[in-house]
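Welcome! Please take a moment to look over the sequence and the 3D structure shown here before reading on.

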Amino acid sequence: NLSNKTDVTIGVLVPAISNPFFSEFLQSIENYSDPKTHVMMIGLDGDRGQLYSAIEGLLSQGIDGLIVAVAVDGYPEVNALLKENLIPYIVLDQNNTKDSDFIAADDFHGGQLAAQYLCSLGHEKISIVAANSEATTYNLTVRLNGFLETCRDSGIKKENIQIIKTQFTKHGGQKTAAAIIAFRPTAIFTLSDELAIGVLGGLNDYGFKVPDDFSLIGYDDTDYAEFMNPKLTTIRQPIPLLAKYALEMLKNRMINPKIKEQIRTVDVELIIRDSCKKR
Ligand code: RIB
């Protein structure tokens, strides 16, 4: 019986440790874990094919619970592996598969906030830098929908929106610069701060400046945002809180395996810095 165990070991699986969102998430998990909770962390660096064997490996180490920030819903065999082993787990940002405990920030609202801010500055032609299908998760789709719906409600024409799908990394962002420049928007929304870092670098390589040539708004508010030049305007996800609640919900599931699915959403916030200006 897990509730009688004194020490517990939990596994945490994230896609890419190099993304500051996930490194901050892992750090927060470590910070909020009590001394009797041992944490084993694995970064899969974008290759979801490793997921099954990573979970098998953690199970063979005898973990008591798992926090998964890598998509599991498209992988019935992974779900089955977790269920067969009766391992308590919680998913972060992934599809709400109904039978999994689920935590995320309010992505729809985050997308809305980003679009409302750009519209309030008079932008009417916008490029969106999103993830390619390999990296797209449930919450990124919700985020994008919040953004698009707000643009539509503000009267922005469909042909004035460009959606570029790229690898969900700094390099992926950097590579979109040529397409953005060719489209000539006045503002850019990236679905993560990491993409914004790459886009900014790519635009600089072509001699374009943010915010004079293009306004740029990111997503996450990782600690890189305020060290960028210009400092990045972005949507803040409360990363420490996501980690704290993920741990609490997992512990709860470990103690009470029979309770119904736990679903928790935390709010997001617009953080205005220097990377956007009036059109
Ligand atoms: O930067 C990583 C992104 O992917 C974050 O926005 C987080 O929500 C995750 O799903």
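The report below walks through the domains, the core and the ligand shell.

## Two domains

Keep in mind as you explore that this is a predicted model. The protein is divided into domain 1 (2-105 + 237-266) and domain 2 (107-236). Taken over C-alpha atoms, the centres of domain 1 and domain 2 are 29 Å apart.

## Where the domains touch

At the meeting place, 14 residues of domain 1 are in contact with 15 residues of domain 2. On the domain 1 side, helix 1 (20-32) and strand 5 (101-105) each supply at least two residues. Helix 1 gives the most to that side, with three residues.

## The nonpolar core

Now turn to the largest nonpolar core, which has 75 residues. Helix 9 (residues 239-255) provides the largest share of this core, seven residues. At least three residues of the core come from each of domain 1 and domain 2.

Phe25, Ile67, Ala114 and Ala246 have the most contacts inside this core.

## Around the ligand

Which residues are around the ligand? They are Asn19, Phe21, Asp93, Thr137, Asn139, Leu140, Ser192, Glu194, Tyr219 and Asp220. This shell divides into three nonpolar, four polar and three charged residues. Domain 1 and domain 2 each contribute at least three residues to the shell around the ligand.

How values were computed:
Residues numbered from 1 in each chain as written. Predicted model: local features only at pLDDT ≥ 70, side-chain atom pairs only at ≥ 80, totals over all residues. Near = placed C-beta within 6 Å. Nonpolar A, V, L, I, M, F, W, Y, C, P; charged D, E, K, R; others polar. Domains from an automatic or database assignment. Core = buried A, V, L, I, M, F, W, Y, C linked by C-beta atoms within 7 Å. Buried ≥ 20, exposed ≤ 12 C-beta atoms within 10 Å, placed from the backbone. Helix = DSSP H or I, 4+ residues; strand = E, 2+ residues; numbered from the N terminus. Contact = placed C-beta atoms within 7 Å.
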